[in-house]
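Subject: Model handover

Hello,

Here is the model for your files. Please open it alongside these notes.

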Amino acid sequence: YMYSNGDGVLLNMTKAAEWYQKAADQGDAWAQHNLGFMYDIGDGVSVDQRKAAEWYQKAADQGLANAQFNLGVLYYLGEGVEINKRKAVELLTKAADQGDSEAISFLEQIVD
């Protein structure tokens, strides 16, 4: 986290990815989410939507609303996974039920 924010150390997204990977491998949901996000946007690692989805899934399975939202969007758009609108709405609803404002807004846009 400190490397990804330049908090007490020089900002270094490559090192941040290395440390997030270590924590993610040990099951830390926030590290899994953050690593997924890095793969999603190519920050400190190469863009890899499939890997992003895999890491988001691990964090989403632990109930992390941010990961449920991001994974839901990937399923909705078919990025890194096959398009699955039902699964997208399911994940977005889980995040919205936890008060995630981005999920609430996204659902309002896609659900009639």
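Below is what came out of it, from the whole chain down to single residues.

**Ground rules**
This is a predicted model, in which local features need pLDDT of at least 70, side-chain atom pairs count only at pLDDT 80 or more, and totals for chains, interfaces and linings use all residues. Residues are numbered from 1 along each chain as its sequence is written, and side-chain values use heavy atoms, with hydrogens and water left out.

**Overall**
The chain has 7 helices and 0 strands. These are DSSP runs, numbered from the N terminus: helices are H or I with at least four residues, strands E with at least two. The order from the N terminus is α-α-α-α-α-α-α.

Along the principal axes, the C-alpha atoms fill a box of roughly 45 × 25 × 25 Å.

Of the 112 residues, 39% are buried. Buried means under 20% relative accessible area, exposed over 50%, and partly exposed in between, with a 1.4 Å probe and protein chains only. Take the contacts between residues at least 6 apart in sequence: 35% of them join residues at least 24 apart. A contact means heavy atoms within 4.5 Å.

**Cores**
The largest nonpolar core holds 24 residues. Such a core is a set of buried Ala, Val, Leu, Ile, Met, Phe, Trp, Tyr and Cys residues joined through side-chain atoms within 4.5 Å. Tyr 20, Leu 35, Met 38, Leu 71, Leu 74 and Tyr 75 touch the most other members. At least two residues of this core come from each of α2 (13-25), α3 (29-41), α4 (49-61), α5 (65-77) and α6 (85-97). Helix α4 gives the most, with 6 residues.

A second, separate core has 9 residues, including Val 73, Ala 95, Ala 96 and Leu 107.

- Met 38 lies in helix α3. Met 38 is buried, at 3% relative accessible area. Beyond four places in sequence, Met 38 touches Met 13, Ala 16, Ala 17, Tyr 20, Asp 43, Gly 44 and Val 45. Ala 17 is 21 residues from Met 38 in sequence and 7.4 Å away, C-alpha to C-alpha.
- Ala 29 is also in helix α3. Ala 29 counts as buried, at 15%. Setting aside neighbours within four places in sequence, Ala 29 contacts Ala 59, Gln 62 and Leu 64. Ala 29 and Leu 64 are 35 residues apart along the chain, with C-alpha atoms separated by 6.9 Å.
- Leu 107 sits in helix α7 (residues 101-110). Its relative accessible area is 14%, so Leu 107 is buried. Not counting residues up to four places away, Leu 107 touches Val 89, Leu 92, Thr 93 and Ala 96. Val 89 is 18 residues from Leu 107 in sequence and 7.2 Å from it, C-alpha to C-alpha.

Best wishes
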